[in-house]
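Student: Before we discuss the surface, could we look at the model together and go through the terms used to describe it?

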Amino acid sequence: MKKFILALTALIISSGCAFAQKYRGLLDLSYSYSLPKSGYPDLEAYQRNFFGLSTSHGVQIKKFFVGAGLEGLTNLSDGVDIPVFADVRYDFFGRKTTNFFVGCKLGAYVYSWARAGSEKVTGLYFKPSIGVRFRLSPVVGINLALFYSPMNVKFPEMEWTGEEYREYSHETVFINRLGLSIGLDF
């Protein structure tokens, strides 16, 4: 029994070492613009420039990258939203000099801070992308990608239920964002 446990431990450690040799990290800066949504004048804060900084860390297994990460998103006027996500990416030509890829980040918004308590981002974080990677060295590359990212924004609304009594409800609005990111992978 001791030999079995020792062999199993050695197998787990050697598997971990094999994956550690294929570690890959990604760091991205992004810019996106929310497409206008008619009938919602309160969405002006989310219909301007939107900037993000994200990091993902995981393993490269042949042409697939699988990892996890987080991103900070802001429109520079109303606060910061932080999603946590799983990151999957497929490289079409492996680690060639120029390589095309498709990727998807999927997770949830775990934190949303807004000035004056107005807009809150909630729900699912979904960000598919398509791009190109330019190899700088065997382990470092620059990535350019186009992406789409929808978001739900929750707005509080005042309702009068009596003479002076106010009750707050929340309306959730779906916003579509298109963007461009530039990143570094290592």
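Student: How many helices and strands are there in the chain?

Tutor: In this predicted model, the chain holds one helix and nine strands, and when it is read along the sequence the order is α-β-β-β-β-β-β-β-β-β.

Student: Why is F186 called partly exposed?

Tutor: The relative accessibility of F186 is 36%, and since buried requires under 20% and exposed requires over 50%, F186 falls in between and therefore counts as partly exposed. As for its position, F186 lies in the segment after β9.

Student: What makes the nonpolar surface patch, and which elements give two or more residues to the patch?

Tutor: The patch, of about 960 Å², is made by Y23, L27, L29, L53, F134, L136, I142, L144, I182, L184 and F186. The elements that give two or more residues are β1 (23-34), β8 (141-160) and β9 (166-185), and the largest share, three residues, comes from β1.

Student: What share of the chain is buried, and what share of the contacts with a separation of 6 or more joins residues 24 or more positions apart?

Tutor: Buried residues make up 35% of the 186 residues, while residues 24 or more positions apart account for 57% of those contacts. The chain exposes about 11000 Å², of which carbon and sulfur atoms supply 69%.

Conventions: Residues are numbered from 1 along each chain as its sequence is written. This is a predicted model: local features need pLDDT of at least 70, side-chain atom pairs count only at pLDDT 80 or more; totals for chains, interfaces and linings use all residues. Side-chain values use heavy atoms; hydrogens and water are left out. Patches are made of residues with over 30% relative accessible area and no salt bridge: like charges are joined within 9 Å, nonpolar side chains (Val, Leu, Ile, Met, Phe, Trp, Tyr) within 5 Å. Accessible areas come from the Shrake-Rupley method with a 1.4 Å probe; for residues, only the protein chains shown count as cover. A salt bridge is a side-chain nitrogen of Lys or Arg within 4 Å of a carboxyl oxygen of Asp or Glu. Helices (H or I, at least four residues) and strands (E, at least two) are DSSP runs, numbered from the N terminus. Buried means under 20% relative accessible area, exposed over 50%, partly exposed in between (1.4 Å probe, protein chains only). Contact means heavy atoms within 4.5 Å.
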